[in-house]
Amino acid sequence: MVGTLSGALEARHIPTSPDKVKAEIQGVIEAPDGVLKITRISCHYNVKVPAGKEEAAERALKVFDRGCPVAQTLKGAVEIEHAWDIESY
């Protein structure tokens with residue numbers, strides 16, 4: 001997911017390296033029918049962007065998962081939550 005996010009940011013001329021995008025990912029495992037499975041993945045992104053690029057970064061963060069192969073594969077099977085903090089420099 002981070003690779004797809006980096007691509008969406010780079011397409012908007014927002015550099016993603018070195019260390020401009022970090023992600024904290026947490027999975028929730030439950031056994032709704034007596035069988036363990038991942039039911040939810042929470043993704044929190046910390047993104048550093050040049051001053052003036054905050055709105056472009058926000059737009060990229062809101063839509064990048066539409067082009068993410070992982071998110072599209074899991075869609076309907078696992079709930080994926082995205083949250084982010086944007087810091088300008």
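Notes on the predicted model

1. Overall make-up. The chain has 3 helices and 3 strands, where helices (H or I, at least four residues) and strands (E, at least two) are DSSP runs, numbered from the N terminus. Read from the N terminus, the order of the elements is α-β-β-α-α-β. The C-alpha trace spans about 50 × 20 × 20 Å along its principal axes.

2. Basis of the values. This is a predicted model, in which local features need pLDDT of at least 70 and side-chain atom pairs count only at pLDDT 80 or more, while totals for chains, interfaces and linings use all residues. Residues are numbered from 1 along each chain as its sequence is written, and side-chain values use heavy atoms, with hydrogens and water left out.

3. Burial and surface. Of the 89 residues in the chain, 26% are buried; buried means under 20% relative accessible area, exposed over 50%, and partly exposed in between (1.4 Å probe, protein chains only). The chain exposes about 5600 Å², and carbon and sulfur atoms supply 51% of that area. Accessible areas come from the Shrake-Rupley method with a 1.4 Å probe; for residues, only the protein chains shown count as cover.

4. Contacts along the chain. Among contacts between residues at least 6 apart in sequence, 64% join residues at least 24 apart. Contact here means heavy atoms within 4.5 Å.

5. Helix H1. Which residues of H1 are buried? They are Leu5, Ser6, Ala8 and Leu9. These residues lie on the same side of H1, because they cover an arc of only 160° around the axis; the arc is that of the directions from the helix axis to the C-beta atoms. Gly3 and Ala11, on the other side of H1, are exposed. The cover over the buried residues of H1 includes S1, S2 and H2.

6. Thr4. This residue also belongs to helix H1. Thr4 counts as partly exposed because its relative accessibility is 22%. Apart from neighbours within four places in sequence, Thr4 is in contact with Phe64, Gly67, Cys68 and Pro69. Between Thr4 and Ser42 there are 16 Å in space, C-alpha to C-alpha, and the two are 38 residues apart in sequence.

7. Helix H2. In H2 (residues 54–63), the buried residues include Ala56, Ala57, Ala60 and Leu61. Why do they fall on the same side of H2? They cover an arc of only 135° around the axis, which puts them there. An α-helix has 3.6 residues a turn, so residues three or four places apart point the same way. Glu55 and Lys62 are exposed on the other side of H2. The buried residues of H2 pack against H1, strand S2 (37–49) and strand S3 (79–88).

8. The loop between H1 and S1. Several backbone details in this loop deserve a look. His13 lies here, and its phi is positive, near 60°, in a residue other than glycine. His13 counts as exposed because its relative accessibility is 64%. Asp19, in the loop between H1 and S1, is not a glycine either, yet has a positive phi of about 55°. With 58% relative accessibility, Asp19 therefore counts as exposed. Pro18 is found in the loop between H1 and S1 as well, and the peptide bond joining Ser17 and Pro18 is cis, with omega about -10°.

9. Lys20. This residue lies in the loop between helix H1 (2–11) and strand S1 (21–30). Lys20 is buried yet has no salt bridge; Asp19, the nearest side chain of opposite charge, is 7.8 Å away. A salt bridge is a side-chain nitrogen of Lys or Arg within 4 Å of a carboxyl oxygen of Asp or Glu. Not counting residues up to four places away in sequence, Lys20 touches Pro15, Asn46, Val47, Lys48 and Tyr89.

10. The salt bridge. How many salt bridges does the structure hold? It holds 1. The side chains of Arg40 and Glu81 meet in a salt bridge at 3.8 Å, N to O. This pair links distant parts of the chain, with Arg40 in strand S2 and Glu81 in strand S3, 41 residues apart. Arg40 is partly exposed because its relative accessibility is 27%. Glu81 is also partly exposed, with a relative accessible area of 31%.

Terms used: Lys and Arg count as positive and Asp and Glu as negative; His and the chain ends are not counted.
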